[in-house]
Amino acid sequence: MELKQYWLIVKKRLLLIALIATVVCLSVGISSYYFIAPQYQASAKLIVNQYKESSSLLPSIDVGSINSTIGLIKTYKEIIKTPRIMKSVSKDYPELNLSYGELISKVSVSSVNETQVMSISVRDHSYERAAKAANAVAVVFQKSVPELMKVDNVSILDFADPQEARGPVAPNPNMNIAAALLLSLMLGVGLAFLLEYLDDTIKTEEDIETLFQVPVLTAIPRFKEKDSSDRGNGKVQLQTNRRENHVSL
């Protein structure tokens with residue numbers, strides 16, 4: 001099938017494709033703006049050192065120690081999201097009204113570009129509660145490290161500000177609508193080709209030649225009202241196939 005035939009199939013079902021895209025985009029847009037609750041994200045940052053205190057700056061800057069600390073961060077990232085830490089947060093900060101299971105689902109931990117800085121992020125429908133939860137997790141984890149790891153090497157670098165005005169991070173209506181438009185167009189084009197494949201009716205002279213393997217001799221035109229006057233005069237019109245005439249009248 002040539003590219004021109006593909007375009008003709010799409011053009012024939014263009015209204016269907018446009019209708020699908022419109023309905024899907026409207027549904028996604030309305031859902032994103034009016035039905036999906038916005039989510040806010042707040043982050044607290046920790047810094048992990050080989051030792052919490054150092055007598056001078058120079059001894060603490062050691063490439064080997066930094067590399068081992070970066071490896072240790074991977075362990076800390078797993079420890080933070082364990083039920084032991086989250087249960088302590090839920091117990092010590094009851095004003096959050098979050099169970100340890102909810103905290104586990106809301107908290108994410110990442111390292112900043114393979115540095116010694118860790119970021120504890122919390123998503124919630126309230127930015128204030130997200131900031132308080134992130135700060136609480138940071139404080140509880142800092143207090144738990146000496147008991148768990150036998151070394152006091154975690155410091156809080158930056159707390160999240162509960163009073164800061166932040167916009168929601170989700171949903172993103174523009175991104176959702178753009179993705180919906182792309183997917184709906186793909187769906188519409190695919191449906192157009194499927195309908196064309198399932199449609200086995202004869203519509204053109206080429207369909208007749210393909211089906212019966214014989215040339216088309218002539219074609220009967222569609223009768224229109226403006227041709228009624230010609231009918232009264234006894235005129236008969238035959239539409240040829242733009243080929244050599246095989247029949248003469």
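A salt bridge is a side-chain nitrogen of Lys or Arg within 4 Å of a carboxyl oxygen of Asp or Glu. This is a predicted model: local features need pLDDT of at least 70, side-chain atom pairs count only at pLDDT 80 or more, and totals for chains, interfaces and linings use all residues. Residues are numbered from 1 along each chain as its sequence is written, and side-chain values use heavy atoms, with hydrogens and water left out.

**View 1. Lysine 132 and glutamate 128 pair within helix H7.** Their side chains meet in a salt bridge (3.1 Å, N to O). The two residues are four apart, about one turn of the helix; helices are DSSP runs of H or I, at least four residues, numbered from the N terminus. Lysine 132 is partly exposed at 38% relative accessibility. Glutamate 128 is also partly exposed, at 36%. Buried means under 20% relative accessible area, exposed over 50%, partly exposed in between (1.4 Å probe, protein chains only).

**View 2. Aspartate 124 meets arginine 129.** This salt bridge spans 2.9 Å, N to O. Aspartate 124 is buried, at 2% relative accessible area, whereas arginine 129 is partly exposed, at 27%.

**View 3. Arginine 84 bridges to glutamate 147.** The closest N and O atoms are 3.2 Å apart. Arginine 84 lies in helix H5 and glutamate 147 in helix H7, so the pair ties together parts 63 residues apart in sequence. Glutamate 147 is exposed, at 52% relative accessibility.
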